[in-house]
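Please look over the model shown here before reading on.

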Amino acid sequence: GLDMTKIRLQDTLQDERAAALYLEVANAIKEHREHPQRHTIARVRCALLALLAELCECHIADEGHVDTPVSPSVDWVKNTILYIKNHLSDKLTLDDIARHVGISKYHLSREFKDLTGQTVFEMVNLIRCKEARRLIVSGASVSEAASACGFENASYFSRCFKNLFGVLPSKCKR
């Protein structure tokens, strides 16, 4: 229920409790990488939530802080990512995405790359592969997950997945 876009945290933290919670998050992530199971995912989420609660409770910056205006480019990137997430299984084209965002595909491509360091379609593949991984871990077959996430070609999906996560999608299920 927190609007994280409106919360400004202090620049530096020197609180032992926040540092301990941060280490707890790091340890939970390490445990999940070494032994990827549902209970380790739950521990990561729990640790992150505890850290977030601590930061919001004790480390919110001065409310008198004047927000710097957000550039239109940031809004375009946010809208692009949201559109991708909402149309994951659709055949996405740069023209369609740019039309939705309301700028030319050339301008969107340039702004997106400048702000994220990735092309629009690198982001599409990242979001699709993350969702496919979630589906596979939840019990879907590799081909079902690939299809549900908009990949029309199984070998292309496997190649993207391996490039992003370092393992083939079939290994993710185990």
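What follows describes a predicted model, beginning with the chain as a whole.

## Overall fold

The protein chain contains 9 helices and 0 strands, so that from the N terminus on its elements run α-α-α-α-α-α-α-α-α. Of its 174 residues, 28% are buried, and the accessible surface comes to about 11,700 Å², with 53% of that area belonging to carbon and sulfur atoms. Among contacts with a separation of 6 or more, 60% are made by residues 24 or more positions apart.

## Nonpolar cores

The largest nonpolar core has 28 residues, and those touching the most other members are Ile84, Ile97, Val120, Phe151 and Phe157. At least two residues of this core come from each of H3 (72-86), H4, H5, H6 (120-137), H7 (142-148) and H8 (154-165), with H6 giving the most, 8 residues. A second, separate core holds 8 residues, including Leu21, Val44, Leu51 and Leu55.

Phe151, one of the residues of the largest core named above, is in contact with Asn125, Arg128, Cys129, Ala146, Tyr156, Phe157 and Cys160, when its neighbours within four places in sequence are left aside.

## The contact of H4 with H5

Helix H4 (residues 94-101) packs against helix H5 (residues 105-116) at an angle of about 85 degrees, and their axes lie 9 Å apart; the two helices are therefore roughly perpendicular to each other. On the H4 side the contact is made by Leu94, Asp95, Ile97 and Ala98, and on the H5 side by Lys105, Leu108 and Ser109. By class, these are 4 nonpolar, 1 polar and 2 charged residues.

Methods
Residues are numbered from 1 along each chain as its sequence is written. This is a predicted model: local features need pLDDT of at least 70, side-chain atom pairs count only at pLDDT 80 or more; totals for chains, interfaces and linings use all residues. Side-chain values use heavy atoms; hydrogens and water are left out. Axes are lines fitted to C-alpha atoms, for helices over the stretch in contact, and angles run from 0 to 180 degrees between N-to-C directions. Helices (H or I, at least four residues) and strands (E, at least two) are DSSP runs, numbered from the N terminus. Angles under 35 degrees count as roughly parallel, over 145 as roughly antiparallel, 65 to 115 as roughly perpendicular and the rest as oblique. Contact means heavy atoms within 4.5 Å. Ala, Val, Leu, Ile, Met, Phe, Trp, Tyr, Cys and Pro count as nonpolar, Asp, Glu, Lys and Arg as charged, and the others, Gly among them, as polar. Buried means under 20% relative accessible area, exposed over 50%, partly exposed in between (1.4 Å probe, protein chains only). Accessible areas come from the Shrake-Rupley method with a 1.4 Å probe; for residues, only the protein chains shown count as cover. A nonpolar core is a set of buried Ala, Val, Leu, Ile, Met, Phe, Trp, Tyr and Cys residues joined through side-chain atoms within 4.5 Å.
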